[in-house]
Amino acid sequence: MLLGFMLAGPATAGDLHPVRGFLPDLRFSLQTAGPKTVTQDDYKGKVVLLFFGYASCPDVCPTTLAQLAAVMDELGPQAQEVRILFVSVDPHRDTPESLQTYVKAFDTHAIGLSGTEKQIADLARRYRVAYQIEKPDPKAPDDYEVAHSRGVYFFDREGRARFLAPDTESVQVLTEGVRRLL
């Protein structure tokens, strides 16, 4: 199940939505495999593509990650200057290690990030991401659905929010957006 979100500013079809001044700059403290705590400072100097979802998502998350992997392929050697950050909104099932295994299956530049419920909720609120975790059945505590909004956030090398792209945007438009930031 997916939730819609509001976009900042006007946009035309086949274009990215500029969000400079509408969304805050990149700031977080989450865990990646290891477990290791990382912050926005670990990605300073890189263009960051931030996406919220969860590893057991049946459709949008794998499709979007595959799309972002295609962007990285299009970038060729420039992909070294870009990181895909996939933040799980399902920290109960997505451990840092399992999440990293999941995202690396799509692209070696992808980083899976998880945290406490509070850390995830605070970051989601910061970027106006909506999500809802269905109450699990006590007989099957790991079998539940998660609804989440969709979109890819682009941050420049200094961590400034620059664009928001719908997950339905073409690989060509996404790639051009990244190149503008490089």
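Is Asp-122 buried, partly exposed or exposed? In this predicted model, local features require pLDDT of at least 70 and side-chain atom pairs count only at pLDDT 80 or more, whereas totals for chains, interfaces and linings use all residues. Residues are numbered from 1 along each chain as its sequence is written, and side-chain values use heavy atoms, with hydrogens and water left out.

Asp-122 counts as partly exposed, at 32% relative accessibility; buried denotes under 20% relative accessible area, exposed over 50%, and partly exposed the range in between (1.4 Å probe, protein chains only). Its salt-bridge partner is Arg-125, with the closest N and O atoms 2.6 Å apart, a salt bridge being a side-chain nitrogen of Lys or Arg within 4 Å of a carboxyl oxygen of Asp or Glu. Arg-125 is exposed, at 56% relative accessibility. An α-helix has 3.6 residues a turn, so residues three or four places apart point the same way. Through salt bridges that share partners, Lys-118, Asp-122 and Arg-125 are joined into one network.

In total, the structure holds eight salt bridges. Among them is that between Asp-25 and Arg-20 (2.8 Å, N to O); Asp-25 is partly exposed at 30% relative accessible area, and Arg-20 is partly exposed at 43%. Another joins Arg-93 to Asp-90, with 2.6 Å between the closest N and O atoms. Asp-90 is buried, at 0% relative accessibility.

Within helix H2 (residues 96-104), the buried residues are Pro-96, Leu-99, Gln-100, Tyr-102 and Val-103. These residues lie on the same side of H2, because they cover an arc of only 160 degrees around the axis, the arc being that of the directions from the helix axis to the C-beta atoms. They pack against strand S3 (29-32), helix H1 (60-75), strand S6 (82-88) and strand S7 (110-113), contact meaning heavy atoms within 4.5 Å.

Tyr-102 also belongs to a cluster in which ring pairs link it with Phe-51, Phe-86 and Phe-106. Rings of Phe, Tyr and Trp (its six-membered ring) pair if their centres lie within 6.5 Å; planes under 30 degrees apart count as stacked, over 60 as edge-to-face and the rest as tilted. The count of aromatic pairs by this rule is eight. Phe-52 and Tyr-153 form an edge-to-face pair, with ring centres 6.2 Å apart and planes at 80 degrees.

Definitions and conventions. Helix = DSSP H or I, 4+ residues; strand = E, 2+ residues; numbered from the N terminus.
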